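Please open the model in a viewer and keep the selection panel at hand.

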Amino acid sequence: MNRIDKDKQTIRFMVQLYCKHKLRQDSIPDEYAQLIEYACSRLEHCSYGENKPACKNCATHCYRPEMRALIRRVMKWAGPRMPIYAPVTTLRHLLNH
């Protein structure tokens with residue numbers, strides 16, 4: 001699995017975690033399913049490819065403002081909780097960035 005695929009997997013996990021535990025939803029609401037699709041599309045089309053920095057450190061912000069605000073909200077909540085729910089995934093993510 002390449003880095004882009006790993007980042008997509010991490011995004012999906014973080015959104016699922018957010019929806020399940022923060023929003024208390026059994027399934028992913030449409031708004032967040034669209035966010036996953038959008039984030040994965042941005043990752044696929046990243047001009048930096050496999051050498052991309054973490055999005056927050058990137059000089060080229062490719063997210064639309066409303067999607068950027070939504071993904072930041074998800075990551076701000078899910079990021080600190082990832083070690084509890086997926087310690088191995090968290091460790092891999094931190095080592096790759």
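Select cysteine 58 to begin: its relative accessibility is 11%, so cysteine 58 counts as buried (under 20% relative accessible area, with over 50% exposed and partly exposed in between; 1.4 Å probe, protein chains only). This is a predicted model, in which local features need pLDDT of at least 70 and side-chain atom pairs count only at pLDDT 80 or more, while totals for chains, interfaces and linings use all residues. Residues are numbered from 1 along each chain as its sequence is written, and side-chain values use heavy atoms, with hydrogens and water left out.

Cysteine 58 lies in the loop between H2 and H3, helices being DSSP runs of H or I with at least four residues, numbered from the N terminus. Display its contacts (heavy atoms within 4.5 Å): apart from neighbours within four places in sequence, cysteine 58 touches Tyr48 and Pro53.

Next, show H2 and H3. Their axes, lines fitted to C-alpha atoms over the stretch in contact, are 11 Å apart at an angle of about 100 degrees, on a scale from 0 to 180 degrees between N-to-C directions. H2 and H3 are therefore roughly perpendicular (65 to 115 degrees). At this contact, select Glu31, Tyr32, Gln34, Leu35 and Tyr38 in H2, which meet Met67, Leu70, Ile71, Arg73 and Val74 in H3.

Finally, select Ile11, Val15, Tyr32, Leu35, Tyr63 and Val74, the residues with the most contacts inside the largest nonpolar core, which has 22 residues. Such a core is a set of buried Ala, Val, Leu, Ile, Met, Phe, Trp, Tyr and Cys residues joined through side-chain atoms within 4.5 Å.

Notes
Helices (H or I, at least four residues) and strands (E, at least two) are DSSP runs, numbered from the N terminus. Angles under 35 degrees count as roughly parallel, over 145 as roughly antiparallel, 65 to 115 as roughly perpendicular and the rest as oblique.
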